[in-house]
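User: Could you walk me through how to read a few features of this model? I would like the general idea and then the case here.

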Amino acid sequence: TPLRFASSLPAALSTDPERPLMIWAGSESDEAAREVHVQNRKILRVEDGFLRSRGLGADLIPPLSLVCDDLGIYYDSRHASRLERLISASPDLPDHAIERAAQLRQSIIRRGITKYNLRQDKVDLPGDGRERILVVGQVEDDASILSGASDFRTNEELLTAVRADFPDAFLIYKSHPDVSAGLRPQGEISTQAADLVLDEVDPADLLCEVDRVCTITSLLGFEALLREVPVSCYGAPFYAGWGLTDDRATVPLRRKSGPSLDGLVHAALIAYPRYHDPVTSLPCPPEIAVLRLTSGEIPSPGIRNRFLSKLQGLLAGYAHLWRR
């Protein structure tokens, strides 16, 4: 069914009541949720998938995958999501589905695939015998922080907590790529708690060099799990609370131990997202998306997109003025 775009919620609600509404997850206000509930309309919350692109969303590079969630959205731990249901049900998957997930995970590891697949520098970490811990910076006004964090909501607070929990470790702080690129200013640090601060490094390469990852809610924690690197969560990302992570924050009681790592992979990378092949412009499975991200057969954004992304980054620092 062709999509119809509406300029406002009232305009969307005036359409055929049998058609579900699709809304970008981060833009769903409490008022919108109430109005949709009153009219008993089905709503699908849309967000980027976890194998996204070769480049940043803040650079207006289109995604290869999207998720549509009729229950909540994966990063908001305050409410149940369709992804949680899929993870909970993953122990009942047939053997061939788990094997497919295991092969997909190994392909991602072998090809060095991450969410954004930026072409960045390799890293040569010092080897002084200490445990090397990667502390992952995030954009502090990101929706995953606002709805998935608890005691720690800033990068400075995270670094301080990790230093207290692992006093003898060598702490490596990696800033979020949107912050490093100057596209999102919320998330810069001034603390001296880190032993090494890295910006433009290849995250896949970095994950192969560290002994542990500490994060609030970053997807880099999930990417570390794929590579079987221990992960300490100081918030409640979708991959926390299932017995696969070291949870340092309160996680929803509805999440129970039981899913295997490849069960989590099947839910997050196979069952939950939908993928688009930029070469054929057709739907595709995640295996094809991995091949496209590896080969680079993806159209590059034009000059107009690059200009708009820079303007968006400049305006992002004043977002608090229109979010009141």
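**Reading a helix and a sheet**

Analyst: Let's start with helix H9 (residues 219–226): eight of its eight residues are buried, so the helix is largely enclosed by the rest of the structure. Buried means under 20% relative accessible area, exposed over 50%, partly exposed in between (1.4 Å probe, protein chains only). Helices (H or I, at least four residues) and strands (E, at least two) are DSSP runs, numbered from the N terminus. This is a predicted model: local features need pLDDT of at least 70, side-chain atom pairs count only at pLDDT 80 or more, and totals for chains, interfaces and linings use all residues. Residues are numbered from 1 along each chain as its sequence is written, and side-chain values use heavy atoms, with hydrogens and water left out.

User: Which residues of H9 are buried?

Analyst: Among them are Leu 219, Phe 222 and Glu 223. At the N-terminal end, Ser 218 caps H9, with a side-chain oxygen 3.0 Å from the backbone nitrogen of Leu 220. Just after H9, Glu 228 has a positive phi of about 60°.

User: What is the strand order in the open sheet?

Analyst: Two strands pair if DSSP finds at least two bridges between them. Here six strands run in the order S6-S5-S4-S7-S8-S9, with parallel pairing. Strands S6 (196–198) and S9 (246–247) stand at the edges with a single partner strand each, so one side of each lacks a neighbour in the sheet.

User: How many bridges join S4 to S7?

Analyst: Three bridges link S4 (residues 132–136) with S7 (residues 212–215), and Leu 134 stands opposite Val 213 in S7.

Conventions:
Polar contact = N/O pair within 3.5 Å; in protein donor to acceptor, adjacent residues only side chain to side chain.
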